[in-house]
Amino acid sequence: MSVQDDPLERLSSHELHDLAVSHAKRHLNVRFFWELLRILPAAEAAAGELDEANADIQTISGHVDDVTDAGKGEVAEQLRPFYLEYLRQHGVAPR
């Protein structure tokens, strides 16, 4: 299947985030959330959110709200490959 034929590629990064988080919550996939929290500071830094990235590195409590924030703006764009990989590995398609 080419990238153009992949229905996931047609989704916005925000939609990919919501789909991946929803799937992970339904299946109690702790590994997904752990990996998201692990890579999130790098995505925030790449998106220019250096203060947010630094805060996340300093404290785990900052990560709770970050799961939601990971679906917004440039951070979501930086995490797009992560969401696509997760959704493809689990055979998730848009509705």
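Is Phe-82 buried or exposed? What we have here is a predicted model, in which local features need pLDDT of at least 70 and side-chain atom pairs count only at pLDDT 80 or more, while totals for chains, interfaces and linings use all residues. Residues are numbered from 1 along each chain as its sequence is written, and side-chain values use heavy atoms, with hydrogens and water left out.

Now the answer: Phe-82 is buried, because its relative accessible area is 15%. By "buried" I mean under 20% relative accessible area, with exposed being over 50% and partly exposed in between, using a 1.4 Å probe and protein chains only.

Let's step back to the whole chain. The protein chain has five helices and zero strands, so we read it as α-α-α-α-α from the N terminus on. Helices here are DSSP runs of H or I with at least four residues, strands are runs of E with at least two, and both are numbered from the N terminus. Of the 95 residues in the chain, 41% count as buried. Take the contacts between residues at least 6 apart in sequence: 69% of them join residues at least 24 apart. Contact means heavy atoms within 4.5 Å.

Next, helix 5, residues 73-89. After the helix comes Gly-91, with a positive phi near 65°.

Ser-13 sits in helix 1, residues 13-26, and is buried with a relative accessible area of 2%. Leaving aside residues up to four places away in sequence, Ser-13 touches Ala-76, Glu-77, Arg-80 and Tyr-83.

Back to Phe-82, and on to the rings. The structure holds four aromatic pairs. Phe-32 and Phe-82 are stacked, because their ring centres are 5.3 Å apart and their planes lie at 20°. For rings of Phe, Tyr and Trp (its six-membered ring), a pair needs centres within 6.5 Å; planes under 30 degrees apart are stacked, over 60 edge-to-face, and the rest tilted. Phe-32 lies in helix 2, residues 30-46, and Phe-82 in helix 5, so this pair ties together parts 50 residues apart in sequence. Phe-32 also pairs with Tyr-86, this time tilted, at 4.5 Å centre to centre and 45° between the planes. Both Phe-32 and Tyr-86 are buried. Together, Phe-32, Phe-33, Phe-82, Tyr-83 and Tyr-86 form one aromatic cluster.

One last stop: Leu-28, in the loop between helix 1 and helix 2. Leu-28 is not a glycine, yet has a positive phi of about 50°. Leu-28 counts as exposed, because its relative accessibility is 71%.

Methods
The expected span of a helix is 1.5 Å times one less than its number of residues.
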